[in-house]
Amino acid sequence: MNSIAIQNCSVSFSDSFLLRDISFTLELDQHWVILGPNGSGKSAIAALLAGFGELKAGSIQGLPSRVSLVSFESQRQLIERELDRDESDITDEIFEGTQVQEILLEDCVDSQRLERLIDLFEFRTKLDRGFRNLSTGETRKVLLMKALCSNPSLLVLDEPFDGLDVASTKILKSILEEFKRKHPIVLVLNRFDEVPDWVTHFVYTKSVSEGIVTYGGIAHVIARDNKLAMESLNQLVQLTKTDVFFPEADSSDAVPELNPVDPLVRMKDVSIAYGDKVIFEHLNWQVDPGQHWQVVGPNGSGKTCLLNLITGDHPQCYANDIFVLGFQRGQGESIWEIKQHIGYVSSALQWDYRVSINLMNVILSGFFDSIGMYQKATDQQTKIATQWLKLLAMDARWDQPFSQLSYGDQRLILIARAMVKHPHMLILDEPCLGLDDLNRQLVLALIDRICRGSETTVLYVNHHQEDAIDGIEQILTLGRG
Amino acid sequence: MSNYFNTLSLRDQLAQLGQCEFMHASEFADGVNALKGKKLVVVGCGSQGLNQGLNLRDSGLDVSYTLRDAAIQEQRQSWKNATDNGFTVGTYKELIPTADLVLNLTPDKQHSAVVGEIVPLMKKDSCLAYSHGFNIVEEGMQVREDITVIMVAPKCPGTEVREEYKRGFCVPTLIAVHKDNDPRGEGLALAKAYAVGTGGDRAGVLMSSFIAEVKSDLMGEQTILCGMLQTGSLLCFDKMIEKGMDAGYASKLIQYGWETVTEALKYGGVTNMMDRLSNPAKLKAFDLSEELKVIMRPLYNKHMDDIMSGAFSAGMMEDWNNDDKNLLGWRKETGESAFENAQNTEQEISEQEYFDHGILMVAMVRAGVELAYETMVAAGIKEESAYYESLHETPLIANTIARKKLWDMNNTISDTAEYGCYLYNHACLPLLSDFMTNIDTDVIGRGMGLNDDSVDNQRLIDVNAQLRQHSVEKIGQTLRGYMGAMKKIV
Ligand SMILES: NC(=O)c1ccc[n+]([C@@H]2O[C@H](COP(=O)([O-])OP(=O)(O)OC[C@H]3O[C@@H](n4cnc5c(N)ncnc54)[C@H](OP(=O)(O)O)[C@@H]3O)[C@@H](O)[C@H]2O)c1
């Protein structure tokens, strides 16, 4: 057998977490890394390879008999085992726990390797210490040494570099480098930049929650030589990190405040028609600060038209009773006074954005509500734009022409352009239109971040139920949808 | 009515012709305030009317439309344009008397009739605006004394005026106040506010005069802008066919070639366009263009002279009174030309290939731009005007050819420009026939195909110096530099 084949497996790990319908084939000359948001099943897949979890459906073939897993979970189990052995409250003797040496020898097959590892990790003097007296980093090292000298034919390491100091990380990396020549390694990592060069495949996990149960699964398996997909994956990992932060607003040229008692948008009895063709009639709608809205409806029901009434791009906004971002329309306001409060992204904008311009300037143009740059940006604005590029993991490419980007990356840049000024309202007209699955997830991850992590009200138009975003609760339905 | 320009003394003629100044952004600090709360009524809702009106309204001004009765009754396209965009539309009688500013954006040919009809309805002390001074300058229209007469002329087709505004930019614009009609001295303030309303201030505004605008506009559009491109298209196409080249390739090379080579003008003038060629090709293009300049100079002079004397407009007005017989005939002829009817090949032509295989086209553009510019400046028009009416607008017109060949160009430009273009074309075709007999596909269609790109150093230095030191290059650099702060950062 020279591959591990997981087919349509559903595996239960607790009452509230299951892996659902996962399939993959890992060839024994490959090395995989599993990435994904927290709680989406990374560790579960690692554990599954080590034989944990309760198989509910599907088949697993070719799993080697000796698999070693090092994870927080296995570390916790070892610590707990040691706690259970502590009977000091009964014996009244001070118990220092099992000696490190003893633990290391428990399943050691290759004592020569163990000797080497002890030297490398400078554990010689700690061998007779009690396990319980070790620091977290040290227990981690014990687990790693234990795993490596048990001669596994598959090594599964869940966040192995977490809690290791720089020197130890380096040592571990060189040991893995050697190990991988003989056997496959599966790593679970949180950060893209930690992925060693020799990893051949990237797995990206995602989850859905249904009631109290979360189902983890595999969204993508990408080979390293697929450059385009790799870049997107890097961005996705970046965006789904828990500690993502948004760059600040431009303090010297901030968007003016709105009166907090006013709604952001109020439409009264609004009707739109082209000639005899009525798009919609008698629409009443109010958007209050702090709400996020999704607008749904079939093709031709006027979703885009409705958004354009808000942005001022639809000329009939002058012929209707519309209050937008502090202005009753048609009373001598200029559209630039309204646009300054709005960030806007649509595929139409993407078509329009054909000027020859680099990524940095596209983002900067968001400060001026212009397509192309006609004014000089301040240093602060440039700094903020750089931070956005960093957030999207595109800072190294700042000077690349916008037109050369993939469709999905263009969309991300346009969302950043819309957000740089911290607008009161972000309007997204079918932001996933024309995107492949990976890029869709990227865009959705960014929108999700914006809904949860900023003061901006989001108006979101889309067709697909599966592109719903958790933070958007209000729904306006147009047409007979 | 008689030609206004011809009624002036030479001193006045020269003074007005020589008026053209780039206005500093700080002169527009007052924004649209001079028109805020006033009633703007646009006459006509075509290319300029609709698009200027949309911009003005989006800038916070009160805009409505008045159309001739028939257009309203028959719900013509102009009526649809206005109502679909949520504007109020009314008859002259309903709206003109309420207007503080009337924007006359009907075709130039109709101006005498339209202005004759609306002026009596206009409020006392109101203002009448044009986007082209033909009616005032060439037809000598006299407007009631209490009315202020101004001009705000975007240097682009209407669709472009709108698209650029939506992008947060606009198109360069000329403004002027008619000296004879500025009774309260408010003309300039109104013209500036109007220019801000269309967005023009973001791209650069030139303070001009009615006369400078008309004479330079006519000269530019007849010669380099439309005339040269039309003549060049026909000659180059026929030459390639004569030499046995594929018609589909020839058609495509010309249709998109003008746009591609003139795009280079936008960034760095004639110098940059010529620099896109290999050294031997550049020297070749230079020689051809020098030859063309000698052959065509008398024609450019004649056009300028006829424009100055009023002979051109008199001739055209005669055709107007003759049911446009010449114009319609020439239009039909253009529609039937071999170039116009050839199907383009599917074959890809790379950007550089348009230069390499279009050496003669590059030479024609250089010759036309420099000749038109030199002729205008020699006639007393300021360098700034001459630059805008020649080099600056060439890529814009070339874009229309890229869309739908000569038909689209002649459809987009005004009837006046179209008439002048045909005049030029008919004179220029025979003028260049000898020159064309010596032309082969190395300069149009196939490229020079040299393995060795070496040239004589001294000669290259001389040619480069001549290109770079031309006055159109110097003023171009300054004007493009002025726009620096506002310019697209590319
Ligand atoms: N096109 C350009 O590139 C450009 C650039 C700068 C300045 N301009 C100037 O802008 C002005 C308008 O040009 P344009 O190109 O916008 O013209 P256009 O597209 O032909 O539009 C003319 C409008 O005037 C109306 N009209 C025609 N004949 C009329 C009449 N006898 N009485 C009343 N209304 C009439 C037409 O509507 P109905 O026929 O339905 O009544 C139409 O709405 C001209 O002065 C032109 O020189 C043009």
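## Domains of chain B

In this predicted model, chain B is divided into domain 1, covering residues 20–208, and domain 2, covering residues 213–489. The C-alpha centres of domain 1 of chain B and domain 2 of chain B are 31 Å apart. Contact between them involves 27 residues from domain 1 of chain B and 30 residues from domain 2 of chain B. About 2,400 Å² is buried between domain 1 of chain B and domain 2 of chain B, and carbon and sulfur atoms account for 65% of that area. On the domain 1 side, Phe22(B), Lys109(B) and Lys155(B) supply 28% of the area that domain 1 of chain B buries against domain 2 of chain B, more than any other three residues.

Which charged pairs join the two domains of chain B? The count between domain 1 of chain B and domain 2 of chain B is six salt bridges. Lys155(B) forms a salt bridge with Glu389(B), side chain to side chain, at 3.0 Å from N to O. There are also nine residue pairs in polar contact across the interface of domain 1 of chain B and domain 2 of chain B, with both residues at pLDDT 80 or more. On the side of domain 1 of chain B that touches domain 2 of chain B, the elements giving two or more residues are β1, α8 (134–137), β7 (148–154) and β9 (205–208) of chain B. That side of domain 1 of chain B has 13 nonpolar, five polar and nine charged residues.

## The nine-stranded sheet of chain B

Chain B contains an open sheet of nine strands with mixed pairing, in the order β1-β9-β8-β7-β6-β5-β2-β3-β4. Strands β1 (20–22) and β4 (89–90) of chain B stand at the edges with a single partner strand each, so one side of each has no neighbour in the sheet. Strands of a sheet pair through backbone hydrogen bonds, either parallel or antiparallel. In chain B, strand β2 (residues 39–43) and strand β3 (residues 62–66) pair in the parallel sense over five bridges. Within this region, Val43(B) stands opposite Thr66(B) of β3(B).

## Domains of chain A

The area buried between domain 1 of chain A and domain 2 of chain A is about 910 Å², with 57% of it from carbon and sulfur atoms. His220(A), Gln235(A) and Leu236(A) supply 57% of the area that domain 1 of chain A buries against domain 2 of chain A, more than any other three residues.

How many salt bridges are counted between domain 1 of chain A and domain 2 of chain A? The count is one. A salt bridge joins the side chains of Arg397(A) and Glu231(A), at 3.5 Å from N to O. Two residue pairs are in polar contact between domain 1 of chain A and domain 2 of chain A, both residues being at pLDDT 80 or more.

## Contact between the chains

Between the chains, 22 residues of chain B are in contact with 22 residues of chain A. Chain B and chain A bury about 1,800 Å² between them, with 50% of it on carbon and sulfur atoms. The count between chain B and chain A is zero salt bridges, while eight residue pairs are in polar contact across the interface, both residues at pLDDT 80 or more. The elements that give two or more residues to the side of chain B that touches chain A are α3 (47–58) and α9 (158–166) of chain B. This side of chain B has seven nonpolar, five polar and 10 charged residues.

## Salt bridges overall

Over all chains the count comes to 50 salt bridges. One salt bridge joins the side chains of Glu163(B) and Lys166(B), at 3.8 Å from N to O. Both residues lie in helix α9 of chain B, three residues apart, about one turn of the helix.

Conventions: Residues are numbered from 1 along each chain as its sequence is written. Chains are lettered from A and ligands numbered from 1 in the order in which they are written. This is a predicted model: local features need pLDDT of at least 70, side-chain atom pairs count only at pLDDT 80 or more; totals for chains, interfaces and linings use all residues. Side-chain values use heavy atoms; hydrogens and water are left out. Buried area is the accessible area (1.4 Å probe) that two parts lose on being put together, summed over both. A salt bridge is a side-chain nitrogen of Lys or Arg within 4 Å of a carboxyl oxygen of Asp or Glu. A polar contact is a pair of N or O atoms within 3.5 Å; within protein, one must be able to donate a hydrogen and the other to accept it, and residues adjacent in sequence count only if both atoms are side-chain atoms. Two strands pair if DSSP finds at least two bridges between them. Helices (H or I, at least four residues) and strands (E, at least two) are DSSP runs, numbered from the N terminus. Domain bounds come from an automatic or database domain assignment. Contact means heavy atoms within 4.5 Å. Ala, Val, Leu, Ile, Met, Phe, Trp, Tyr, Cys and Pro count as nonpolar, Asp, Glu, Lys and Arg as charged, and the others, Gly among them, as polar.
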